[in-house]
Amino acid sequence: MPVRFLHSSDLQIGRSFAFAPAETAAVLAAERFDVLDRLSQAARAAGAPRLLIAGDVFDGTQLSDHTLDRALARMAAAADLVWHLLPGNHDPHRPGGLWERLGRKGWPANVRAHLIAEPVPLDAAPGEPPAVLLPAPLGHRRVPGDPTGWMDAAGTPEGALRIGLAHGAVAGFGAEEGTEVNPIAPDRAAHAGLAYLALGDWHRMIRVGPATWYSGTPEPDRFRIDPEADGTRCGGGVALAVAIDGPGAARVERVRTGRFVWHLAEPMLAEAAEIDALADRFLAMPEAGDIVLRLVPRGALTLAGRERFRDRIEEGLAARLRWLDLDLAGLEVRPEDAELAAIDLEGAVRIAADRLAAIARDPASPQAETARRALVELWLMRELAR
Ligand SMILES: [Mn+2]
């Protein structure tokens with residue numbers, strides 16, 4: 001019978017999503033608690049009696065009691081499972097810090113916090129072979145050396161499976177935030193005789209090697225396209241169900257845990273058909289109501305195109321998605337002469353329209369964007385004037 005566990009990381013409980021409108025931010029923040037229940041369900045479905053959370057359980061170290069209590073209560077509620085938690089770079093274990101505060105609250109019977117880098121025997125489920133967890137907690141946001149280096153020489157009972165748990169950037173795989181911190185050797189599992197190395201830090205799932213994986217975050221939380229996914233989809237939203245039959249025999253299966261599906265799209269738009277295709281593509285997705293989309297369109301539209309964009313995207317698509325985060329800075333409006341002529345207004349308003357068109361066409365003008373927006377408004381008003 002194999003040793004089984006669910007590998008997850010980067011729960012980022014307490015993340016505030018300050019970049020989103022308050023209503024959306026509250027929904028996204030609440031989902032980081034609800035995903036704990038889905039992780040429990042995924043563990044049970046995989047026949048795993050435990051979950052390994054490879055760091056960044058919490059988004060920060062200054063969270064409210066209410067946030068911490070809610071998180072622990074959700075974990076405690078899954079009383080048939082054991083949660084193994086590791087401090088990461090967002091929630092490092094500092095003297096007098098978050099983890100001591102949690103300890104003073106009292107750990108639930110089924111939650112283990114791994115605050116020291118030393119081997120810990122796993123409670124074996126009936127029929128499971130003996131296994132030892134080698135946790136590499138972070139004590140700072142950035143540590144100078146490889147936090148898994150000690151695992152090579154760590155002694156464990158003869159025959160016990162060695163399972164590493166760590167948080168950091170595997171050298172050579174690039175770093176999440178542009179700089180490599182807390183570097184982990186890509187061949188650590190081989191060097192340290194690990195049957196599996198459960199990693200956190202990257203928020204998308206990455207297979208480093210047959211026994212070394214990042215699970216990614218179980219609920220997406222950022223606009224960063226997953227290069228292994230198709231198109232605009234961002235990473236995260238899965239956990240890894242792991243079954244280890246012996247050294248060198250880890251079976252890893254990804255299971256979906258995410259609710260919201262994040263996308264980042266930066267399309268070039270010129271014609272109405274492209275606007276329609278963009279809207280239709282997302283509307284056709286069965287999970288449209290749970291999509292969080294940052295849309296950064298580029299290109300130039302006529303006034304008619306800009307009107308189409310308003311109808312299909314700003315109003316139509318936005319109403320159907322969970323959240324449409326629009327950045328229109330790169331989308332120009334270039335009115336056609338015929339369109340300007342069709343702004344069938346008279347007198348001072350007509351003169352204003354002509355002046356706005358001149359400003360809108362001047363790339364050096366700091367008011368160009370304002371002029372374009374004003375022209376769009378005038379264009380839309382032309383219908384009312386008829
Ligand atoms: Mn993280």
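Student: What makes Asp10, Gln12, Asp56 and His203 donors of the manganese ion?

Tutor: Donors are N, O and S atoms within 2.8 Å of the metal (3.2 Å for Na, K and Ca), and water is not among the atoms, so sites may look incomplete. Asp10 (OD), Gln12 (OE1), Asp56 (OD) and His203 (NE2) coordinate the manganese ion at 2.0 to 2.4 Å, so they meet the 2.8 Å limit. Along the chain, the donors follow the spacing D-x1-Q-x43-D-x146-H. Asp10 sits in the loop between strand E1 (3-8) and H1, and His203 in the loop between strand E10 (196-200) and strand E11 (206-209), so this pair ties together parts 193 residues apart in sequence. Helices (H or I, at least four residues) and strands (E, at least two) are DSSP runs, numbered from the N terminus.

Tutor: Keep in mind that this is a predicted model, where local features need pLDDT of at least 70, side-chain atom pairs count only at pLDDT 80 or more, and totals for chains, interfaces and linings use all residues. Residues are numbered from 1 along each chain as its sequence is written, and side-chain values use heavy atoms, leaving out hydrogens and water.

Student: How do you know where the domains are, and how many salt bridges join domain 1 and domain 2?

Tutor: The bounds come from an automatic or database domain assignment, which gives domain 1 (3-256) and domain 2 (261-385). Their centres, taken over C-alpha atoms, are 43 Å apart. Contact (heavy atoms within 4.5 Å) takes 17 residues from domain 1 and 14 residues from domain 2. The count between the two domains is 1 salt bridge. Arg322 also forms a salt bridge with Glu23, with the closest N and O atoms 4.0 Å apart.

Key
A salt bridge is a side-chain nitrogen of Lys or Arg within 4 Å of a carboxyl oxygen of Asp or Glu.
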